[in-house]
Amino acid sequence: MKKLINEPGDVVSEALRGMAAAHPDRLRVDLENRIVYRKDAPRPGKVGLISGGGSGHEPMHGGFVGFGMLDAACAGEVFTSPVPDQMMAATKEVDAGAGVLHIVKNYTGDVMNFEMAAELAEDTEVLSVVTNDDVAVQDSLYTAGRRGVGVTVLLEKIVGAAAEEGRSLQEVAELATKVNDNGRSMGMALTSCTVPAAGKPTFDLAENEMEVGIGIHGEPGRQRLPLAPAKDIAAMLVDPVLGDLPYQQGDSVIAFVNGMGGTPLIELYLMFNEVAQLLDRAGITVARSLVGNYITSLEMAGCSVTLLKVDDELVRLWDAPVNTPGLRWGA
């Protein structure tokens, strides 16, 4: 194992120190509680937006804290949920009187701990949305039901724009539910990843094998198959997504090809080309696109495809200015 670390147990704390040092104009970091805050949070009258989860998925979630997205993100250990005290502290800190929305990926620890935090934050109005867009499996090692993956990124951006407009907590929560209901994802891996504390790959894949339907923690997928050309892999990811909602001819989507951390951008753009061709043949319009490493699994090689069915309102909110370490335009 080769990693740019000091001690495995210090990875998360030292990474957060680095984030604080790199982005002092946008972020403030509570190193004791491992919470990344928007520098100007809380903002009077604005709904607070909080997410979080295990580390190792960067830039999600701390990299999406800032104008137009999250007000705070709680960092757990690698692939391990944050604890309720973190989430409660973040909830109280960003509450400016308009309430707080918890954006929670559907992993058992995340859901349970955010629920406890909402109960502990007694004087703050809290609503929650749970993302569960992964079509690969109904249940996994970490979930009861579908996993929350790529739609989480798109939801944080769209809901963040709505919160900036001054929408109420109920309106923001309803929008978050709409986004989650209209998005689906599926991923694949060419290699495993290595959790620093474990010091060895989470699973083994031969040079001529790939895992289709993996989760962002290295959970096994639907099936292990011989390595295939990119056009075939794209079909293996897109077809189940299109058939699940279902998407229909004439729909418009945000198409998101996400890297798992170890796949170069040239390959992700190649994959996007294949995805775009499949969507064109299905009569689906790509209204907006996102390509890159946004919800990763340490150094895993592979990708995921997320399609979010959009209308004019969702496209407008997607286009609204955003200024975070991981996503920035128009600001």
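This is a predicted model: local features need pLDDT of at least 70, side-chain atom pairs count only at pLDDT 80 or more; totals for chains, interfaces and linings use all residues.
As for what sits inside, 54% of the 331 residues count as buried.

**Overall build**
- The protein chain has eight helices and 14 strands.
- Along the principal axes, its C-alpha atoms fill a box of roughly 55 × 50 × 35 Å.
- The radius of gyration is 19 Å, which agrees with the value near 20 Å that a compact globule of 331 residues would have.
- Take the contacts between residues at least 6 apart in sequence: 73% of them join residues at least 24 apart.

**The six-stranded sheet**
- Six strands make up an open sheet with mixed pairing, and they run in the order E9-E8-E7-E12-E10-E11.
- Strand E9 (223-226) and strand E11 (285-292) are at the edges; each has a single partner strand, so one side of each has no neighbour in the sheet.
- On average, neighbouring strands here are turned by 20° against each other, ignoring direction.
- In general, strands of a sheet pair through backbone hydrogen bonds, in either a parallel or an antiparallel way.

**A look at E7**
- How do strand E7 and strand E8 pair, and over how many bridges? E7 (residues 183-189) and E8 (residues 209-212) are antiparallel partners, joined over two bridges.
- Met-188 has Val-212 in E8 as its bridge partner.
- Helix H5 (residues 169-181) lies across E7 and strand E12 (302-309), and H5 runs at about 50° to E7.

Terms used. Residues are numbered from 1 along each chain as its sequence is written. Side-chain values use heavy atoms; hydrogens and water are left out. Two strands pair if DSSP finds at least two bridges between them. Helices (H or I, at least four residues) and strands (E, at least two) are DSSP runs, numbered from the N terminus. Axes are lines fitted to C-alpha atoms, for helices over the stretch in contact, and angles run from 0 to 180 degrees between N-to-C directions. Contact means heavy atoms within 4.5 Å. The radius of gyration is taken over C-alpha atoms; the globule rule is 2.2 Å times the number of residues to the power 0.38. Buried means under 20% relative accessible area, exposed over 50%, partly exposed in between (1.4 Å probe, protein chains only).
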